[in-house]
Amino acid sequence: MTSIPACTPTTVSPPALRAGHEFCIQRDPASEPGQLTRADAAWPARLRRITRAALSSWRRPDLAETAELLTTELVTNALQHGAGSEVRFRLCLREDDLLIEINDGCPAVPTPRSPAPDDENGRGLLLVEALADAWGVSEDGTTTWCTLPLTKGSQELEPAAAVTAPVLREMPLHLPADPSAVRIARVSGRTTLTMLNWPGDGHAAIAVLASLVDNAVTHGLQPGQDGQSITARLSLTEARELVIDVTDPTPHFPDFPEAADGARGRGLWNARQHGARLSWFIAPGSDGKTVRATLLPGRVEL
């Protein structure tokens with residue numbers, strides 16, 4: 001998961017960041033102010049799904065509905081009125097609030113309008129003002145932000161979603177988007193573990209890798225869709241932890257707790273039995289998700 005510094009429009013020290021995602025949208029050159037192409041018009045719905053999935057993984061589904069509305073209004077406003085070639089979206093879970101930021105590259109400060117009762121547009125920032133705990137614009141006018149307070153719901157964040165120590169080495173695995181990926185992961189994974197020189201249980205690590213890849217093939221690929229991909233990456237941290245990341249195209253995992261506990265299949269449950277600490281999050285720079293397993297060095301007692 002991409003860790004990013006919290007942002008604030010004031011000089012007060014920003015709250016500590018618990019988790020965050022950042023995405024860069026390349027604007028379709030054919031879009032014009034107020035007239036979006038189909039490619040650009042698809043982004044609000046896509047970011048709504050990403051926002052809901054992220055809040056689910058952070059165990060804050062209580063914020064999802066409002067956060068989706070705020071995300072929709074801010075990104076739509078940026079796409080319709082921004083001037084840059086790209087739009088940057090940030091979603092940050094901090095100690096006391098959820099921060100949503102949109103940078104559209106345009107220095108013109110957005111202000112709420114006063115639409116007539118029969119006007120179809122012009123209510124976006126009014127809605128943001130009504131729903132958000134606070135909102136504002138950066139000094140240079142390019143970034144609009146809003147926050148939601150963490151006043152209810154679970155305060156727990158899956159601890160395995162972040163690498164716990166700096167990464168020493170990492171190596172990707174190139175996998176096909178079909179069932180053969182599991183076999184290839186088993187074979188290539190052994191070589192990768194040897195190259196990483198991880199001082200842990202190699203048999204357990206390969207079993208965990210295979211479970212995550214099988215989960216991606218079975219549940220992450222959309223039938224009949226071309227151009228899909230599955231990627232895997234093995235990383236060795238300074239603490240000698242092995243981090244296994246497997247990314248697939250599906251940006252949600254609503255039954256992750258049940259899957260990890262064995263109530264929905266045995267794949268991820270088997271990974272846990274091999275000592276893996278599991279989490280999932282939205283993959284930075286894509287519309288998909290990453291399932292992460294972290295293994296400690298040493299032998300695993302099964």
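Asp201 caps the N-terminal end of helix α6, with a side-chain oxygen 3.2 Å from the backbone nitrogen of His203. The model is predicted, so local features need pLDDT of at least 70 and side-chain atom pairs count only at pLDDT 80 or more, while totals for chains, interfaces and linings use all residues. Residues are numbered from 1 along each chain as its sequence is written, and side-chain values use heavy atoms, with hydrogens and water left out.

Helix α6 covers residues 202-220; helices here are DSSP runs of H or I with at least four residues, and strands are E runs of at least two, numbered from the N terminus. At 1.5 Å a residue, its 19 residues should span 27 Å, and the end C-alpha atoms are 26 Å apart, which agrees. The expected span is 1.5 Å times one less than the number of residues. Of the 19 residues of α6, 14 are buried, so this helix is largely enclosed by the rest of the structure. Buried means under 20% relative accessible area, computed with a 1.4 Å probe on protein chains only.

Turning to strand β10 (residues 289-295), Val291 lies within it and is buried, at a relative accessible area of 1%. Among the residues that Val291 touches are Leu212, Asn215, Phe253 and Trp280, where contact means heavy atoms within 4.5 Å.

Helix α2 (residues 43-57) should span 21 Å, and its end C-alpha atoms are 21 Å apart. Its buried residues include Trp43, Leu47 and Ile50. Just after α2, Arg59 takes a positive phi of about 65 degrees.

Notes: Buried < 20%, exposed > 50% of the residue type's maximum accessible area, 1.4 Å probe, protein only. Polar contact = N/O pair within 3.5 Å; in protein donor to acceptor, adjacent residues only side chain to side chain. Lists of a residue's contacts leave out its neighbours within four places in sequence.
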